[in-house]
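Trainee: I would like to learn how to read the features of a model like this one. Please take me through a few of them.

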Amino acid sequence: MRERIASHFDPFVIPFLVGMAFVLGYCLIAMIRVIAQLPKEDRKRFLVSLITPKYLWMDVRDIFLNCLIHVKLWKRNRVLGYMHSSIAFGWFMIIVLGHLEVMLFVPERIHLFYYPIFFNYFVAETEQTIQGSLLMFLMDFFLLMILSGIALAVIKRFASRIVGMRRTTRLSLLDRVGLYSLWAIFPLRLLAESFTAHISGGSFLTIPTNWIFRQFLGNDLNALPTWWAYSIALGVFMCVLPFTRYMHIPAEMLLIPMRNAGIRIRHSRKGFALLEVYSCPACGVCIDACPMSVQKANCKDCTVYLNRQLRRGNERRIEEISDKCLLCGKCTAVCQVGVQGPELRIAQRERRKYALSPSFADINVRPMASAVVHGAGGESGGVLYFAGCMTQLTPSIRKATTSLLDKAGVRWQMMDPDGGLCCGRPLMMAGRTEQARELIAKNLEIIRASGCDTLLLSCPICYKVFKEEYPLDDIRVVHHSVFFQELVASGKLQVQKEEGLKLVWHDPCELGRGCGIYDEPRAALAAAGEVVEAAKHHTESICCGGSLGSLTLSFDQRRPMVQNALDNLTAADPAEIVTGCPLCLSTFVRQADRPVRDIAEVLDSRC
Amino acid sequence: MVNRTPVIAVIGAGIAGLEAARQLKDLGYKPVLIEKAPVVGGHVAEWNRLFPDLSPAADLVQSLSKGAGSVKTYTDTEIASMGRLKDGYSLILGNGETLLCDAVLFATGFHLFDASKKEEYGYGIYDRVITNRDLEQWFNNRHDPRVANPKAVGFVHCVGSRDVKAGNTQCSKVCCITAIKQAIEIKEEFPEAEVYCFYMDLRLFGKKYEDFYIKAQRDYGIHFIRGRVSEVGEAIDGRVVVKAEDTLNGKPIKVTLDLLVLMAGIVCNPDAQHYAREIGVAVDEDGFLRSRDNVSSIVESSRPGVFYAGACTGAKTIPETLAEARSAALTIHQYFNKRK
């Protein structure tokens, strides 16, 4: 081992140092800003989580698995998973190994930032020693790994279909600069190390390339310019990084601990929302996933473009994208980083100022409260069934649900036999949280008056808001699909099974992705027939297209989305489509080529 | 072609088809009527009396079918496929026969909107909810347990018409006046009953329609409530509870009824669309067949030798349909004169 450069410095490291200083400074300031923007209690919660061993372990594990290994992406698409983890993990290992080399061979230079990066230029090491040959082998191994990832990235950029993506994001100019400089870094490193391999040593990759080059290049004059180019590529990449999609690399490392600490979006543009926007890698997986993308005109309304417009501050487009979305949550389900597209959009909707904001605080709910007190007949406990507005418009569901309750001998009464108040979820989706809270307070009065122990909902839209926003503590909130599954399992409902009757379950967005209920309805349906799956199901289920979430989509625009969702459901040619949401039901019925029924109707007709 | 009597396939033996076939026969052509139902007369044959004079529908159907008596008629016969020839069309019928013809007249009519698609109105769910067609059938045969001496009856206008959610934005034209006619008939049948009509707006454009409407209010005391029905529920005794908004005084209203009649609207006939696609005839966005010109040549298609009569191009009243049938026959006559 010997040091080649007496001064331990060469001007070519300057571009790298400038880039490094800039990116570290920028990220530090950005991090402080994001943390400072959090509401006080959130900030405290986050900082406490950083010194709690349980959270700390979770953070380290998640950062390692998600940022370096890209586990979620592997599960989704192996080619893309390999591409990303080879670059991220390979690069990480090269940096780690570079530091290891410095620490082993020239520990006195560890304070020089650039030494681990340009180690082979400054230090000549032979592969004769065991540490030397092992480290050099590993260096070459990881470099090769990265190069294979870069090769895939180039292929992906020009032919995304080969790696299984139908559509990919259109890059902005700075994104392109970042992309090309990233592509350039590793081939340049290979060249630079190859040109110096006969002096500084190398391994299975760099020694043969060094030999090849020396066959036709008579001298070492190419070495220094290549190291310059390598350093410049690094410098350019780091200088543009904060303004490109590559900002997701540092942003995600902050996002993961914050999410683990339970921080939620509280402000449309500040704090956690800002962090989510910057964590978007603009990979474009959400474009293919978005139910609106069946029409090309809507492709630019996916979450990846919302994030881009939020970074650019294009208010007109932000509003358009935020209002159009169905809030089905599929983009979040497929997102590698977990950017919450629907929550980000709701936060944008909350910014709007309305000329008229009718108050619900003056509604007199005493008649409705006394009706449920009377209905309970002085007894506490029992089931309170809230049909909600959508079930009132699909009376077959209400009829089947009440019939099943009677058949199972459940003591129940209706909360809204004569129509009731809105559950508040549609207002929440529209970003009118304050008004939703007024309705929630009113509904709470009625529920508490009834003395029930179970609140039954046949609409997942209601279910989600009752579960998440109502402080009901000791009252169980349950969706009818789950409730009936329990009654079937316990034998209180005897369902006659028809062998060979193929039923497909449509996961409503609010029930599946919204509340994580997938298995109970399928189990209940299995008692009535043979459950088959749609082409895309569970977390990847496709929104029916009728969602209340969208404020601006017209019926004409929704029609192809409904058709797409139906085509997905009928992949296994089921006899019937079954769902647990009155809105999905009425949306599908209008366009389906086969019967569409609610799970309650299916069970009721067979017991 | 020159020496042979031209053959014209008339698809559908409703009132348009029957009248056109008679006219074509009188003009010296050889029309062939093809009807998928076992009897001729189409929707009118299912009706009891016709507005505004309450004349029996059976009389009209009888006189029209008598007029077309000597025309070769296939009933209970579907068309398996249609094809284009050099200067004519070929039809393969469901019974295996092939019909070669020189012109085709679409008299395929309409479909009545499936009221169960508007689930909030409860058709097929609640016993006391029926459609306009069910009521006409009751007038014809008096067999329907749902119509049992009602004390309160409601009519819902525009069910599946002018409704973007139901996929039909067009006005069905005839339901306003049909509802008034049926309301009057119900009132004549059950003088004690209270009768309500829930409407968006009343489109009473035809001869004597407005008088009919005034008569319904003045002489029969029928209540007209401007406002769409929002939802229909069922009371414990099986009666139906209708919620609507009276937009004239701006208040929500709730009435309990013994019978609710849904005025199912006129929507396109999917069979007609299918045949049209087979021989390359254009279909409009609303699903009805597209005329060469909506003002000057409504009975002509953009294909030579293909003509329309009646509700295959949109909702029509009976007089309009009959006039169109005659017009189509004359247009076909001119078409063959030019080809000579």
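Trainee: Which domains does the assignment give for chain A?

Mentor: This is a predicted model. The domain assignment divides chain A into domain 1 (18-250), domain 2 (282-352), domain 3 (358-483) and domain 4 (487-606).

Trainee: How many residues of domain 2 of chain A are in contact with domain 4 of chain A?

Mentor: On the domain 2 side there are 13 residues, in contact with 19 residues of domain 4 of chain A. Helices α16 (315-324) and α17 (330-334) of chain A each supply at least two residues of the domain 2 side. By class, that side of domain 2 has 8 nonpolar, 2 polar and 3 charged residues. The C-alpha centres of these two domains of chain A are 25 Å apart.

Trainee: How is the packing of two helices described?

Mentor: One gives the angle between their axes and the distance between the axes. Here, α3 (residues 53-69) and α5 (residues 78-105), both of chain A, pack at about 115 degrees, and their axes are 7 Å apart.

Trainee: Which residues meet in the contact of α3(A) with α5(A)?

Mentor: From α3(A) come A:Cys67, A:Leu68 and A:Ile69; from α5(A) come A:Ser85, A:Ala88, A:Phe89 and A:Phe92. The residues of this contact comprise 6 nonpolar, 1 polar and no charged.

Trainee: Why is A:Asp573 called exposed, and why is B:Arg162 called partly exposed?

Mentor: Count the other C-beta atoms within 10 Å. A:Asp573 has 9, so it is exposed, as the cut-off for exposed is 12 or fewer. B:Arg162 has 17, so it is partly exposed, because a residue counts as buried at 20 or more.

Trainee: Where is there a cis peptide bond?

Mentor: The bond from B:Phe51 to B:Pro52 is cis, with omega near -5 degrees. B:Pro52 is in the loop between β3 (49-50) and β4 (55-56) of chain B.

Trainee: How many residues of chain B are in contact with chain A?

Mentor: Chain B contributes 11 residues, in contact with 10 residues of chain A. The chain B side has 3 nonpolar, 3 polar and 5 charged residues.

Definitions and conventions: Residues numbered from 1 in each chain as written. Chains lettered and ligands numbered in written order. Predicted model: local features only at pLDDT ≥ 70, side-chain atom pairs only at ≥ 80, totals over all residues. Axes fitted to C-alpha atoms, helices over the stretch in contact; angles between N-to-C directions. Helix = DSSP H or I, 4+ residues; strand = E, 2+ residues; numbered from the N terminus. Contact = placed C-beta atoms within 7 Å. Nonpolar A, V, L, I, M, F, W, Y, C, P; charged D, E, K, R; others polar. Domains from an automatic or database assignment.
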